[in-house]
Amino acid sequence: MNRIVTRMAGFAALVSAFGLISLPAYAGDTYQGYTLYNQSCFLCHGTDGKGNGPLAKKLDVAPDDLTDGDNGAAEKSDRELFGMIQGTIKHGSGASAMPQWGLAMPGNQINSLVAYIRFLQRSKHPLLGDPIVGKRVYDNNCAACHGRTGKGDGPLAAVLNLQPKDHTDSAEMNKHPNSHMVEIVTNGTPGKSLMPGWKDMLTKAEIEGVVSYLRLLSTY
Ligand code: HEC
Ligand code: HEC
């Protein structure tokens, strides 16, 4: 045990000796990444990450397509993407307009951006509605059963025999198209399972928003 602690302390000292290299401290929050991306990145990289934002044509070096797999961002490790966003790992020509976001953002926000870039690369389904509307709907109406983070561990799940699915499982969630998710949220699941239908309580925009928020609860 002591040996492990000593080794970890040694490792931490080694990391801090490099100063500039900050390792991602914990998994990013994809929803936070979505909000940051749509404030700070879409202008150049485009809302879908394909490098076609409104500012793109004005730059000498084109912004990268963040969904590109051919030696592009999709093949880089989380650590590499983190460093490129932070400005501590060089990318491309090194002479482009890509800002050093480490000057303006703490590491946890950069982790969240990496998580959202993974969503843009790997989700099979686009965001249907507004996830900001969806978060409010989810926290008020769904978290009691599905849990704050979507793991199916809300307080009601502990006292009723509910067994909601784990919405953070992206492989499982990717199997369901948006139309299927909208149908379940609108009308509930058939039979005796305890997923209620929401058509009398939520508007179409709220249902589409909450389905989009569910997509951002998955880990990619
Ligand atoms: C002012 C325009 C601009 C903004 C805003 C911007 N970028 Fe960039 N970004 C670029 C350009 C240009 C490149 C290409 C750099 C090169 O090739 O030298 C780039 C490259 C990157 C890369 C490297 C991808 C690769 O495969 O090498 C990542 C990752 C990235 N940007 C993420 C972000 C994120 C996340 C944000 C928002 C926090 C952001 N960018 C905001 C212009 C921008
Ligand atoms: C009373 C508890 C409860 C509440 C509240 C609740 N759910 Fe559910 N939900 C469930 C249960 C239980 C299931 C599993 C149903 C099954 O497998 O037959 C489920 C299943 C689902 C599914 C299908 C998931 C899958 O993987 O097949 C979606 C989507 C869903 N819920 C979304 C929501 C949304 C969005 C809200 C809020 C507007 C919500 N739920 C509120 C209990 C609840």
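A nonpolar core is a set of buried Ala, Val, Leu, Ile, Met, Phe, Trp, Tyr and Cys residues joined through side-chain atoms within 4.5 Å, where buried means under 20% relative accessible area, exposed over 50% and partly exposed in between (1.4 Å probe, protein chains only). This is a predicted model, in which local features need pLDDT of at least 70 and side-chain atom pairs count only at pLDDT 80 or more, while totals for chains, interfaces and linings use all residues. Residues are numbered from 1 along each chain as its sequence is written, ligands are numbered from 1 in the order in which they are written, and side-chain values use heavy atoms, with hydrogens and water left out.

**Exercise 1. Find the residues with the most contacts inside the largest nonpolar core, and say where this core lies.**

Step 1: The core has 36 residues, and Tyr37, Ile85, Leu113, Tyr116 and Tyr138 have the most contacts inside it.

Step 2: Two or more residues come from each of α2 (30-40), α4 (78-86), α5 (107-122), α6 (131-141), α10 and α11; helices are DSSP runs (H or I, at least four residues), numbered from the N terminus.

Step 3: Domain 1 (27-122) and domain 2 (131-217) both contribute, so the core lies between them. The domain bounds come from an automatic or database assignment.

**Exercise 2. Classify the ring pairs Tyr116–Phe119 and Tyr138–Tyr213.**

Step 1: Rings of Phe, Tyr and Trp (its six-membered ring) pair if their centres lie within 6.5 Å; planes under 30 degrees apart count as stacked, over 60 as edge-to-face and the rest as tilted.

Step 2: Tyr116 and Phe119 are 5.7 Å centre to centre with 15° between the planes, hence stacked. Both sit in helix α5, three residues apart, and both are buried.

Step 3: The centres of Tyr138 and Tyr213 are 5.4 Å apart with planes at 55°, so this pair is tilted. Tyr138 is in helix α6 and Tyr213 in helix α11, so the pair ties together parts 75 residues apart in sequence.

**Exercise 3. Work out the geometry at the iron atom of ligand 2.**

Step 1: Count as donors the N, O and S atoms within 2.8 Å of the metal (3.2 Å for Na, K and Ca). The protein supplies His146 (NE2) and Met195 (SD), lying 2.1 Å from the iron.

Step 2: Six donors are octahedral if opposite donors are over 155 degrees apart and all others between 65 and 115. The six donor atoms here subtend angles of 85 to 178°, which makes the arrangement octahedral.

Step 3: At 13% relative accessibility His146 counts as buried, whereas Met195, at 23%, counts as partly exposed.

How values were computed:
Four donors count as tetrahedral if all angles lie between 85 and 135 degrees; four count as square planar and six as octahedral if opposite donors are over 155 degrees apart and all others between 65 and 115; anything else is irregular.
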